[in-house]
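Subject: Structure for you to look at

Hello,

Here is the structure I promised you. Please open it first, then read my notes below with the model on your screen.

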Amino acid sequence: MSSTQQSSSTKKQTLFIASLIILWYSSNIGVLLLNKFLLSNYGFRFPIFLTVCHMSACAFLSYVSIVFMKLVPLQPIKSRPQFLKIATLSVVLCGSVVGGNISLRYLPVSFNQAVGATTPFFTALFAYFMTFKREAWVTYAALVPVVAGVVIASGGEPGFHWFGFIMCLSATAARAFKSVLQGILLSSEGEKLNSMNLLLYMSPIAVLVLVPAVLIMEPNVLEVILSLGKQHRYMWLLLFINSTMAYSANLSNFLVTKHTSALTLQVLGNAKGAVAVVISILLFRNPVTVVGIGGYTMTVLGVVAYGEAKRRFR
């Protein structure tokens, strides 16, 4: 291969990866901001039904992507125990996503992201008690500013709401719990699934779990959203875009990891939270304080230090 062809190939690869990163950022931040807009500013007060829409889109688009478009090879479920493990993970995923969506009804995106940044703390905690996995003391020390930052941010948050805070913290803990549980349940080579196949199987189970919850806890959802659809002609379009972005966030997450590395994704994730906070403050005009910004900054720096310590003292 000539140097010109090599240079052209490198440029195409760089452009492709840059496009994936832009898609990842826009999908993750977009779904978060649209969730907030629908749940807090649009009168769409049905976080469980919104999660059903997300999971339905993920189920349908995962099937199309894997079975028809062949983006990744289909990995069949091989046994009943494997199916039960996937179903367990799906229930935990439901708790995490629903909790996160409920919290957005009561908390600004900026504070929601600050609490969400404590995921490494809960992951380390669950890993310690569930797998007896020990890290170097420096790694655990790096988690101190992660927690301290959220405590400080809570004290300086003008829009602090106890129920919203508890739901957000629960969602963050559930997300970390799913990560550790997945490592335990799907640890054997024969049962491991890539994230896209796992999403293909978890999404329909999540819909089946959540539909009864909608009927019990949000019984008037269809009546209200039909009424909102008449009042706001773009509501159905927003709901469609929001649900599609939920799948796009998972797809781009998989593709960025595949074409770069897990470390790159971690670095991008740290920056994503800060970008989402800035955009949300500009869009929703929620008041922020110096104390709140300082607390969030401390948490993000703690997460960065934790990732670096974990890498060095593995």
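Start with the inside. The lining of the largest cavity has 6 nonpolar residues, no polar ones and no charged ones. One thing to keep in mind throughout: this is a predicted model.

**The cavity**

The search gave 1 cavity of 30 Å³ or more. The space in the largest cavity is about 30 Å³. Which residues line the largest cavity? They are Leu-71, Val-72, Met-196, Leu-251, Phe-254 and Leu-255.

**A pocket**

Next, look at the second largest pocket. About 180 Å³ of space lies in it. Its lining is made of 15 residues. Nearest the centre of this pocket lie Ser-110, Val-277, Gly-292, Ile-293 and Tyr-296.

Three helices each supply at least two residues of the lining of the second largest pocket: helix 4 (109-116), helix 12 (262-284) and helix 13 (290-312). Which helix gives the most to that lining? Helix 13 does, with 4 residues. By class, the lining of the second largest pocket has 9 nonpolar, 5 polar and 1 charged residues.

**Helix 4 and helix 8**

Helix 4 passes helix 8 in a right-handed crossing.

Now find the contact. From helix 4 come Phe-111, Asn-112, Val-115 and Gly-116. They meet Phe-165, Cys-168, Leu-169, Thr-172 and Arg-175 in helix 8. This contact of helix 4 with helix 8 divides into 5 nonpolar, 3 polar and 1 charged residues.

**Helix 2 and helix 11**

Is the crossing of helix 2 with helix 11 left-handed or right-handed? The crossing is right-handed.

The contact list is as follows. Helix 2 brings Leu-50, Cys-53, His-54, Ala-57, Cys-58, Leu-61, Ser-62 and Ser-65. On the side of helix 11, they meet Leu-239, Asn-242, Ser-243, Thr-244, Ala-246, Tyr-247 and Asn-250. In this contact of helix 2 with helix 11, 8 residues are nonpolar, 7 are polar and none is charged.

**Helix 5 and helix 7**

One last pair. Helix 5 (residues 119-130) packs with helix 7 (residues 143-155) at an angle of about 125 degrees. The axes of helix 5 and helix 7 are 9 Å apart. Why is helix 5 called oblique to helix 7? An angle of about 125 degrees makes helix 5 oblique to helix 7, because angles from 65 to 115 count as roughly perpendicular and angles over 145 as roughly antiparallel. Helix 5 and helix 7 cross in a left-handed way.

Pro-120, Phe-121 and Ala-124 are the residues from helix 5. Facing them in helix 7 are Leu-143, Val-146 and Val-147. What is the class make-up of the contact of helix 5 with helix 7? It has 6 nonpolar, no polar and no charged residues.

Write back once you have been through it.

Best wishes

Methods
Residues are numbered from 1 along each chain as its sequence is written. This is a predicted model: local features need pLDDT of at least 70, side-chain atom pairs count only at pLDDT 80 or more; totals for chains, interfaces and linings use all residues. Side-chain values use heavy atoms; hydrogens and water are left out. On a 1 Å grid over the protein atoms alone, a cavity is a set of points where a 1.4 Å probe fits but cannot get out, and a pocket is an open set with protein on both sides within 12 Å along at least five of seven lines; lining residues have an atom within 4 Å of a point. Grid points are joined across faces, edges and corners, and a volume is the space filled by probe spheres set on the points. Ala, Val, Leu, Ile, Met, Phe, Trp, Tyr, Cys and Pro count as nonpolar, Asp, Glu, Lys and Arg as charged, and the others, Gly among them, as polar. Axes are lines fitted to C-alpha atoms, for helices over the stretch in contact, and angles run from 0 to 180 degrees between N-to-C directions. Angles under 35 degrees count as roughly parallel, over 145 as roughly antiparallel, 65 to 115 as roughly perpendicular and the rest as oblique. A crossing is left-handed if the near helix is turned anticlockwise from the far one by less than a right angle, and right-handed if clockwise. Contact means heavy atoms within 4.5 Å.
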